[in-house]
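Hello,

Here is the structure I promised to pass on to you. Have a look at it first, and then read on for my notes below.

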Amino acid sequence: NALIAQTQARLDDLRLRFTDKHPDVIAAMQELNELKARRAAELESLKRGDAGAAAITGASTNPVYEGIEQELSQTDLDMADLNIDLAQHRAKAADLRKLLDSAPQVEAEYAQLTRDYDSNTKEYNALLQNYEKARLGERADNAGSVRFEIVQPPTADFAPVWPRRTIFLAAVLIAALAAGGALAYGLDQLHPVVCSASGLGRMTGAKVLGVVSSAFPERTRLAFRRDAVRVAVAAACLVLAFAAMLLLSHAGFRLSGSVLRHLVHT
């Protein structure tokens, strides 16, 4: 800075005496520019932390420069520590992502192991029971009092042996129809109903001379049709009920007495 100031002062003095084209003025201007350029280069080197530039310029002996250097060194150390912490955190985050990705697989493996453990436990208990039975049989054989062998455990079919459900339900339906027909025939014999002139003649033994026709024949025909429709609907309901009972029987459902009583009361 002092050399630049001296060169600037000498240039100003020369300019007072000579023009800018004078050789001394030109030389002083070149020297000043070189000093300024060298000063700028030294400042740039100082910014980059060049120790040689600091020694040349004498900035290394400056307390302010020394404090800046210390702060810069401390900042570099802090940045290195932060970079290490950042690397550790990134590694931990990567490990956590791996664990998160493998969590469903671990759960599936745990469920499989649980199922295998349950099945193995059941097999172990079955084998233990067979072993106890075998030991009991061996003791009985050795004692000579009782001897038995388990060849195959007893089994039973879910379907009844007798009666066959389909044949039984069909027999019940036929018996119910026969009972209903017998009841209707008995009521007709106890309380006969005359439906024609010939029937009236057979019942009374008298000769029928004439018959008075209905005053409203269309109403009679409609009543007959309604009765026929009712009988057809009742027969269809009976067939549907029989089919439903067959389906329920084949599916394994059974209606107990309490359920039937409840249905009848409701």
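Let me start with a pair in helix α1: R17 and D13 are four residues apart there, so about one helical turn separates them. Their side chains meet in a salt bridge, at 3.4 Å from N to O. By salt bridge I mean a side-chain nitrogen of Lys or Arg within 4 Å of a carboxyl oxygen of Asp or Glu. R17 is exposed, with a relative accessible area of 53%, whereas D13 is partly exposed at 38%. The cut-offs here are under 20% relative accessible area for buried, over 50% for exposed and partly exposed in between (1.4 Å probe, protein chains only).

Before I go further, a word on the source: this is a predicted model, in which local features need pLDDT of at least 70 and side-chain atom pairs count only at pLDDT 80 or more, while totals for chains, interfaces and linings use all residues. Residues are numbered from 1 along each chain as its sequence is written, and side-chain values use heavy atoms, with hydrogens and water left out.

Now the other salt bridges. The count by this rule comes to four. One of them joins the side chains of E31 and R10, at 2.6 Å from N to O. This pair links distant parts of the chain, with E31 in helix α2 (residues 23-48) and R10 in helix α1 (residues 2-17), 21 residues apart. Both ends are partly exposed: E31 has a relative accessible area of 32%, and R10 has 40%.

Another salt bridge is formed by the side chains of D227 and R230, at 3.9 Å from N to O. These two lie in helix α7 (residues 217-251), three residues apart, which is about one turn of the helix. D227 counts as partly exposed at 40% relative accessibility, and R230 counts as exposed at 57%.

On to the whole chain. The protein chain has eight helices and zero strands; for these, helices (H or I, at least four residues) and strands (E, at least two) are DSSP runs, numbered from the N terminus. Of its 266 residues, 8% are buried. The accessible surface comes to about 22,600 Å², and carbon and sulfur atoms account for 63% of that; such areas come from the Shrake-Rupley method with a 1.4 Å probe, and for residues only the protein chains shown count as cover. Among contacts with a separation of 6 or more, 36% are between residues 24 or more positions apart, where contact means heavy atoms within 4.5 Å.

D76, D78, D81 and D85 form a negative patch. For charges, Lys and Arg count as positive and Asp and Glu as negative, with His and the chain ends not counted; the place of a charge is NZ of Lys, CZ of Arg, CG of Asp or CD of Glu. D76 sits in helix α4 (residues 63-143) and is partly exposed, with a relative accessible area of 43%.

Y124, L128 and Y131 make a nonpolar patch of about 340 Å². L128 is also placed in helix α4, and its relative accessible area of 35% makes L128 partly exposed.

Best wishes

Note on methods. Patch = residues over 30% accessible without salt bridge, like charges linked within 9 Å, V, L, I, M, F, W, Y side chains within 5 Å.
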